[in-house]
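Have the viewer open as you read.

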Amino acid sequence: QLQASGGGLVQAGGSLSLSCVASGRTFTIYSMGWFRQAPGKEREFVAAIRRSGSKTSYADSVKGRFTISRDNAKNTVYLQMNSLKPEETAVYYCAADSRYYGVVAGSYGYWGQGTLVTVSS
């Protein structure tokens, strides 16, 4: 089970930090990803991190502004988001998979419920 939190309302240019806590399974075997879905749009990749934390990947649109990290002792993955833009208003989801690491949403086997991020202009 994945539980995402940390969403909220922020002004453009502001920052938010999202968290996703995993329970019920061995967290360290899973690569983790963050995705987002805006109203009327498809779910899109934001960032991913390998099980050990040794490798991360980002969508081009967030590189240099977002940082994904994980604390395996706390079964938690984080997404630090800086310089947020209004067009990044979306529900942000965390995802996990023991065999896949990448950008394809459909390849992740486990999903959290999502947390809403609203960026005002």
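Glutamate 88 counts as buried, because its relative accessibility is 2%, and buried here means under 20% relative accessible area, with exposed over 50% and partly exposed in between (1.4 Å probe, protein chains only). Note that this is a predicted model, so local features need pLDDT of at least 70 and side-chain atom pairs count only at pLDDT 80 or more, while totals for chains, interfaces and linings use all residues. Residues are numbered from 1 along each chain as its sequence is written, and side-chain values use heavy atoms, with hydrogens and water left out.

**Glutamate 88**
- Glutamate 88 is in the loop between β8 (76-81) and β9 (90-97); strands are DSSP runs (E, at least two residues), numbered from the N terminus.
- Not counting residues up to four places away in sequence, glutamate 88 touches Arg36, Ser61, Val62, Arg65, Phe66, Ser83, Val117 and Val119, where contact means heavy atoms within 4.5 Å.

**Nonpolar core**
- The largest nonpolar core has 36 residues, and Met32, Trp34, Leu79, Met81 and Tyr92 have the most contacts inside it.
- That core is a set of buried Ala, Val, Leu, Ile, Met, Phe, Trp, Tyr and Cys residues joined through side-chain atoms within 4.5 Å.
- At least two core residues come from each of β1 (2-5), β3 (16-22), β4 (31-37), β5 (44-49), β7 (66-71), β8, β9 and β11 (115-120).
- Setting aside neighbours within four places in sequence, the contacts of methionine 32 are Leu2, Cys20, Phe27, Ala47, Ala48, Ile49, Ile68, Arg70, Val77, Ala95, Ala96 and Tyr108.

**Aromatics and a charge over rings**
- The whole structure holds 7 aromatic pairs; rings of Phe, Tyr and Trp (its six-membered ring) pair if their centres lie within 6.5 Å, and planes under 30 degrees apart count as stacked, over 60 as edge-to-face and the rest as tilted.
- One of them joins phenylalanine 35 and tryptophan 111, a tilted pair with 5.1 Å centre to centre and 55° between the planes.
- This pair links distant parts of the chain, with phenylalanine 35 in β4 and tryptophan 111 in β10 (residues 110-111), 76 residues apart.
- Which of the two is buried and which is partly exposed? Phenylalanine 35 is buried at a relative accessible area of 1%, whereas tryptophan 111 is partly exposed at 27%.
- Tyrosine 108 and tryptophan 111 make an edge-to-face pair, because their ring centres are 6.4 Å apart and their planes at 70°. Tyrosine 108 counts as buried, at 3% relative accessibility.
- Phe35, Phe45, Tyr93, Tyr100, Tyr108 and Trp111 form one aromatic cluster.
- Arginine 43 lies over the face of tyrosine 93, at 3.8 Å from the ring centre, and its charged end also sits over the ring of tryptophan 111, 4.7 Å from the centre. The cut-off: NZ of Lys or CZ of Arg within 6 Å of the ring centre and within 35 degrees of the ring normal.

- β11 has a covered face made of Thr115, Val117 and Val119, and an uncovered one made of Leu116, Thr118 and Ser120.
- Leucine 116 counts as partly exposed, at 48% relative accessibility.
- Leaving aside neighbours within four places in sequence, leucine 116 is in contact with Gly7, Gly8, Ala90 and Val91.
- β2 (residues 8-11) and β11 pair in the parallel sense over 4 bridges; strands pair if DSSP finds at least two bridges between them. Valine 10 has valine 119 of β11 as its bridge partner.
- β9 and β11 run antiparallel, joined by 3 bridges, and alanine 90 stands opposite valine 117 in β11.
- Glycine 8, in β2, is partly exposed at 25% relative accessibility. Beyond neighbours within four places in sequence, glycine 8 is in contact with Leu16, Leu116, Val117 and Thr118.

- Strands of a sheet pair through backbone hydrogen bonds, either parallel or antiparallel.
- Here 4 strands form an open sheet in the order β1-β3-β8-β7, with antiparallel pairing. Its edge strands are β1 and β7, each pairing on one side only.
- β7 and β8 pair in the antiparallel sense over 6 bridges, and threonine 67 has glutamine 80 of β8 as its bridge partner.
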